[in-house]
Amino acid sequence: MKIVVIGGSGLIGSKLVNLLRQRGHQVTAASPASGVNTITGEGLAEALAGTQVVVDVANSPSFEDKAVLEFFETSGRKLLAAEAAAGVLHHVALSVVGTDRLAESGYFRGKIAQEKLIKAGKIPYTIVHSTQFMEFLGGIAQSGTEGQTVRLSPAFVQPIASDDVAAAMADFTLGAPVNGTVEIAGPERVRLAELVQRYLTATRDPRSVVADVHARYFGAELKDDTLVPGDKPQLGAIGFEAWFAKSQAAK
């Protein structure tokens with residue numbers, strides 16, 4: 001198949017492109033750097049010509065509320081219109097477990113808008129809701145840092161390694177559209193504050209984590225189940241210790 005990966009040079013996109021090529025498919029890694037821009041529309045028609053599947057793993061370059069919403073709405077509209085014109089048969093999008101429960105957050109309002117466009121469109125689709133990537137633990141710690149203290153929610157998370165995300169995305173890309181949402185998650189459910197403390201201890205970071213039920217996650221307060229999947233997620237195989245042992249953070 002001919003497959004285009006939007007955001008193909010990023011963390012998940014680059015891994016996904018490699019996996020799909022290893023399986024014998026013709027894959028284009030599309031990004032502004034390669035001349036394909038979903039905000040301006042530049043290069044979209046040319047990139048999508050003859051394409052059967054488009055995978056959107058792109059993220060907003062800004063996390064400011066208005067900019068995020070504009071990114072996902074503009075990008076979503078232009079990409080879906082170009083797909084319809086090219087006769088694309090399957091649109092696969094990477095989103096986040098709990099998106100529909102996080103409308104208090106400007107970032108997640110952008111993701112909600114993106115998902116609405118996909119569901120309202122005419123392209124058969126699969127929306128993949130993933131839990132938090134282990135690679136983002138450092139950034140999550142930074143977001144809650146005040147001096148030497150990191151204030152984070154004690155809500156549950158089920159973090160997943162990017163290798164497991166890419167593997168699952170490859171399977172969904174090559175499968176039939178589900179015209180709905182599927183969930184992927186890591187093998188271990190743990191409280192966010194506890195997990196980030198484990199990460200900081202492992203990296204010999206002197207900061208200490210304080211669990212605070214009112215600490216905000218990308219602008220939203222969390223309940224215990226906000227960020228965890230439902231009953232039947234597809235589980236990755238890589239737990240925190242195995243991921244950390246291979247990570248750049250360990251080095």
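Two helix pairs

The crossing of H3 and H4 is right-handed (the near helix is turned clockwise from the far one by less than a right angle). The model is predicted, so local features need pLDDT of at least 70 and side-chain atom pairs count only at pLDDT 80 or more, while totals for chains, interfaces and linings use all residues. Residues are numbered from 1 along each chain as its sequence is written, and side-chain values use heavy atoms, without hydrogens or water.

Helix H3 spans residues 65–86 and helix H4 residues 106–120; helices are DSSP runs of H or I with at least four residues, numbered from the N terminus. They pack at an angle of about 15 degrees, with axes 8 Å apart; axes are lines fitted to C-alpha atoms over the stretch in contact, and angles run from 0 to 180 degrees between N-to-C directions. That angle makes H3 roughly parallel to H4 (under 35 degrees). In contact, meaning heavy atoms within 4.5 Å, are residues of H3 including Val-68, Leu-69 and Phe-72, and residues of H4 including Ala-113, Leu-117 and Ile-118. The contact residues of H3 with H4 divide into 8 nonpolar, 4 polar and 5 charged.

Helix H1 (residues 11–22) packs against helix H6 (residues 162–174) at about 55 degrees, with the axes 9 Å apart. Leu-11, Ile-12, Lys-15, Leu-16, Leu-19 and Leu-20 make the contact from H1, and among their partners in H6 are Val-165, Met-169 and Leu-174. The residues of this H1 and H6 contact divide into 11 nonpolar, 2 polar and 2 charged.

Definitions and conventions
Ala, Val, Leu, Ile, Met, Phe, Trp, Tyr, Cys and Pro count as nonpolar, Asp, Glu, Lys and Arg as charged, and the others, Gly among them, as polar. Angles under 35 degrees count as roughly parallel, over 145 as roughly antiparallel, 65 to 115 as roughly perpendicular and the rest as oblique.
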